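Colleague: Could you walk me through this model, one question at a time? I would like to go from local pairings out to the whole chain.

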Amino acid sequence: MLSQLAKLFRISLSKGRTIISVKDELQHARSYMNIQKIRYKDTFSVEFQADSSLDSFCTVKLILQPILENAINYGVNGMDDCGEIKVTVKRDGDDILFAVADNGMGMTEEEVSVILTEHGQEHKHGSGIGLVNVHKRIQIFFGKEYGLHVDSEPNEGTTVSIRIPAVPFTEENRDILEQGHIFSLEKKNKDKR
């Protein structure tokens with residue numbers, strides 16, 4: 001558990017950086033879930049299916065942890081059967097698609113429609129603040145066409161998807177994104193073509 005905590009804190013700090021590699025974000029998520037499995041005495045299972053060719057791409061740090069926390073607290077916690085959480089990362093055209101799916105209690109269409117808005121902070125399955133925060137942070141760095149999407153049905157589980165552009169992780173690209181200049185990055189990539 002100490003080893004997992006050390007990895008968790010190292011990536012959380014990331015030398016004050018907000019843009020990290022997909023590999024580091026996944027390591028943070030794995031460490032977080034290993035700690036939670038100990039805390040909840042293995043009352044749920046977690047599976048990671050990530051395309052390793054995406055390890056060296058950019059992402060905003062700490063985008064999976066709030067979604068995983070919600071999947072535990074409002075999805076699978078307290079289930080009679082064993083809860084299941086699955087994390088996938090794959091390429092989708094020019095984008096990277098993260099998804100966190102659980103087999104928990106799910107939400108109604110009305111709850112889903114407000115969860116990524118300021119009004120979603122009052123929905124009955126939790127604060128929603130973590131999801132709104134992640135959604136806004138992604139849009140700040142990558143633009144309004146990116147962010148979170150939630151699919152859910154009562155008693156059928158929930159899937160939260162995160163879409164970000166596939167930007168190779170280099171120090172130059174990280175610096176450009178950290179400074180909030182996604183348009184400079186897009187121009188740089190067009191000039192290379």
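Colleague: Which residue of β7 is the bridge partner of E153?

Modeller: This is a predicted model, in which local features need pLDDT of at least 70, side-chain atom pairs count only at pLDDT 80 or more, and totals for chains, interfaces and linings use all residues. Residues are numbered from 1 along each chain as its sequence is written, and side-chain values use heavy atoms, with hydrogens and water left out. Strands here are DSSP runs of E with at least two residues, helices are runs of H or I with at least four, and both are numbered from the N terminus. The bridge partner of E153 in β7 is G157.

Colleague: How many bridges join β6 to β7?

Modeller: Two strands count as paired if DSSP finds at least two bridges between them. β6 and β7 run antiparallel, and the number of bridges joining them is 7.

Colleague: Which residue in the hairpin of β6 and β7 takes a positive phi?

Modeller: Most residues other than glycine have a negative phi. The hairpin has 3 residues between its strands, and the phi near 65 degrees belongs to N155.

Colleague: And on to β5: which residue of β7 is the bridge partner of A101?

Modeller: β5 (residues 95-102) and β7 (residues 157-165) run antiparallel and are joined by 8 bridges. In one of the pairs, V100 has V160 as its partner in β7. For A101, the partner is T159.

Colleague: Why is β7 described as largely enclosed?

Modeller: Buried means under 20% relative accessible area, exposed means over 50%, and partly exposed lies in between, with a 1.4 Å probe and protein chains only. β7 is largely enclosed by the rest of the structure because, of its 9 residues, the number buried is 7.

Colleague: What is the strand order of the open sheet?

Modeller: Strands of a sheet pair through backbone hydrogen bonds, either parallel or antiparallel. This sheet is open, has 5 strands and shows mixed pairing; its order is β2-β4-β5-β7-β6.

Colleague: Which strands stand at the edges?

Modeller: Each edge strand has a single partner, so one of its sides is left without a neighbour in the sheet. From one strand to the next, the twist averages 15 degrees. The edge strands are β2 (44-50) and β6 (147-153).

Colleague: At what angle to β2 does helix α2 run?

Modeller: Axes are lines fitted to C-alpha atoms, for helices over the stretch in contact (heavy atoms within 4.5 Å). Angles run from 0 to 180 degrees between N-to-C directions. Helix α2 (residues 22-39) lies across β2, β4 (83-92) and β5, and its angle to β2 is about 170 degrees.

Colleague: Is K41 buried or exposed?

Modeller: K41 lies in the loop between α2 and β2. Its phi is near 50 degrees, a positive value in a residue other than glycine. With a relative accessibility of 68%, K41 counts as exposed.

Colleague: What is the relative accessibility of L62?

Modeller: L62 lies in the loop between β3 (58-60) and α3, and its phi is positive, near 60 degrees. L62 counts as partly exposed, at 22%.

Colleague: How many residues of α3 are buried?

Modeller: Helix α3 (residues 64-76) has 13 residues and is mostly covered. Its buried residues include L64, I67, L68 and V76.

Colleague: How many disulfides does the structure hold?

Modeller: A disulfide is a pair of cysteine sulfur atoms within 2.5 Å. C58 is buried, at 0% relative accessible area, whereas C82 is partly exposed, at 41%. The number of disulfides is 0.

Colleague: Which element has the lowest mean pLDDT?

Modeller: pLDDT is the predictor's confidence in each residue, from 0 to 100, and the chain averages 85. Where pLDDT is low, the predicted coordinates should not be read in detail. β5 has the highest mean among the elements, 98, and the lowest, 58, belongs to helix α7 (residues 182-192).
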